[in-house]
Amino acid sequence: MDVITITIKLFAAYQEAYGTSELTLTFPQGTSVVEVRDRLIQEHPELSQWRDITRFGINFQFVEPETPLNDGDEVVLIPPVSGG
């Protein structure tokens, strides 16, 4: 099976959960951006509260959850940011 390598930029709750601002992960070809979110939530279940309100970006463009990824894409997962 072919795999793709993507970079994931983490913000707010995602960044806190992982303790870093960027991840590089591999996924099967044909993976959609929502599947990336689901994998991160599987690894850090405390993120599940953000599941339904996270927005998605690929290469600086907001996209729909089912948008398929390509090798080398940069994914951004953006939970709502509260003021501080």
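Tutor: Two strands pair if DSSP finds at least two bridges between them, and with that in hand we can go through this predicted model.

Student: Let me pick on Thr7, then: buried or exposed?

Tutor: Thr7, which is found in strand β1, has a relative accessibility of 19% and therefore counts as buried, since buried means under 20% relative accessible area.

Student: Switching to β3, which strand does it pair with over four bridges?

Tutor: Strand β3 (residues 55-58) pairs over four bridges with strand β5 (residues 74-78), in the antiparallel sense, and one of the pairs there sets Arg55 against Ile78.

Student: How many residues lie between β3 and β4?

Tutor: Two residues lie between them in a hairpin, and Asn59, which is in the turn, has a positive phi of about 50°. Three bridges join β3 to strand β4 (residues 61-63), running antiparallel, with Ile58 opposite Gln61.

Student: Zooming out, in what order do the elements run from the N terminus on?

Tutor: The order is β-α-β-α-β-β-β, made up of two helices and five strands. The radius of gyration is 12 Å, close to the 12 Å that the globule rule gives for 84 residues, so the protein is as compact as a globular protein of that length. Along its principal axes, the C-alpha trace spans about 40 × 25 × 20 Å.

Student: What about burial and contacts overall?

Tutor: Buried residues make up 39% of the 84 residues, and of the contacts between residues at least 6 apart in sequence, 54% join residues at least 24 apart.

Student: Last one: how many positive and negative side chains are there?

Tutor: There are 5 positive and 13 negative side chains, and the centres of the two sets lie 4 Å apart. As for the accessible surface, it comes to about 5000 Å², with 49% belonging to carbon and sulfur atoms.

Definitions and conventions: Residues are numbered from 1 along each chain as its sequence is written. This is a predicted model: local features need pLDDT of at least 70, side-chain atom pairs count only at pLDDT 80 or more; totals for chains, interfaces and linings use all residues. Side-chain values use heavy atoms; hydrogens and water are left out. Buried means under 20% relative accessible area, exposed over 50%, partly exposed in between (1.4 Å probe, protein chains only). The radius of gyration is taken over C-alpha atoms; the globule rule is 2.2 Å times the number of residues to the power 0.38. Contact means heavy atoms within 4.5 Å. Accessible areas come from the Shrake-Rupley method with a 1.4 Å probe; for residues, only the protein chains shown count as cover. Lys and Arg count as positive and Asp and Glu as negative; His and the chain ends are not counted. The place of a charge is taken as NZ of Lys, CZ of Arg, CG of Asp or CD of Glu.
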